[in-house]
Amino acid sequence: MFAAILIRRLKPGKTYEDFIDAWYPDKGFGVPTHGPDVAINIDDEQEIAAIAYMDLPDRPSLETVLQRVAVQEAERHARIAEVIASTTVQAIYEVKARYDFSSDETVAGTAPDR
């Protein structure tokens, strides 16, 4: 599983709604995903984070998907560039573990071996 994380700053005068209009894709990516979740920084509403999980088995599968959607993503990112001033984080991470801190029971149930 992989996590795509992007943190962007809106241009002055641009809104969250402007961002969503530019950011929302024209087509699906053709892979199982969780999200994306889009969030606004509670201390700075001009900063927007998007986090998506892609359920892919390995890095070669990820590379195949990225190549397949490259043209579509270039068009989408050109739209996004009209509303954002900068991107401070743009990365894909390989997920090594998922934990659940919801309750004492889930913390105990997902604790790593020590």
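**Sheet, helices and salt bridges in a predicted model**

Strands β2 and β3 (residues 44-54) run antiparallel and are joined by 7 bridges. The model is a predicted one, in which local features require pLDDT of at least 70 and side-chain atom pairs count only at pLDDT 80 or more, whereas totals for chains, interfaces and linings use all residues. Residues are numbered from 1 along each chain as its sequence is written, and side-chain values use heavy atoms, with hydrogens and water left out. Helices (H or I, at least four residues) and strands (E, at least two) are DSSP runs numbered from the N terminus; two strands pair if DSSP finds at least two bridges between them.

Between β2 and β3 there are 2 residues, and the two strands form a hairpin. Within this pairing, V38 has A50 in β3 as its bridge partner, and A39 stands opposite A49 in β3. Strand β2 also contains P36, which is joined to G35 by a cis peptide bond with omega of about 15 degrees.

In total the protein has 4 helices and 4 strands, and from the N terminus on the elements follow the order β-α-β-β-α-α-β-α. Contact here means heavy atoms within 4.5 Å. Of the contacts between residues at least 6 apart in sequence, 73% join residues at least 24 apart.

The structure holds 4 salt bridges, a salt bridge being a side-chain nitrogen of Lys or Arg within 4 Å of a carboxyl oxygen of Asp or Glu. One of them is formed by the side chains of D44 and R9, with an N to O distance of 2.3 Å. This pair links distant parts of the chain, since D44 is in strand β3 and R9 in strand β1, 35 residues apart. Exposure is classed by relative accessible area: buried means under 20%, exposed over 50%, and partly exposed in between (1.4 Å probe, protein chains only). D44 is partly exposed at 23%, and R9 is likewise partly exposed at 29%.

Another salt bridge is formed by E94 and R59, whose closest N and O atoms are 2.9 Å apart. Here too distant parts of the chain are linked: E94 is in strand β4 and R59 in helix α2, 35 residues apart. E94 is partly exposed, with a relative accessible area of 33%, while R59 is exposed at 54%.

The side chains of R76 and E73 also meet in a salt bridge, at 2.8 Å from N to O. R76 and E73 are separated by about one helical turn because they are 3 residues apart in helix α3 (residues 70-81). R76 is buried, with a relative accessible area of 8%, and E73 counts as buried at 15%.

On the surface, Y99, F101 and V107 form a nonpolar patch with about 350 Å² of accessible area together. Patches are made of residues with over 30% relative accessible area and no salt bridge, like charges being joined within 9 Å and nonpolar side chains (Val, Leu, Ile, Met, Phe, Trp, Tyr) within 5 Å. V107 is located in helix α4 (residues 104-110) and is partly exposed, with a relative accessible area of 37%.

For the protein as a whole, the C-alpha trace spans about 50 × 35 × 20 Å along its principal axes. Buried residues account for 22% of the 114 residues. The protein exposes about 7800 Å², of which carbon and sulfur atoms supply 53%. Accessible areas come from the Shrake-Rupley method with a 1.4 Å probe, and for residues only the protein chains shown count as cover.
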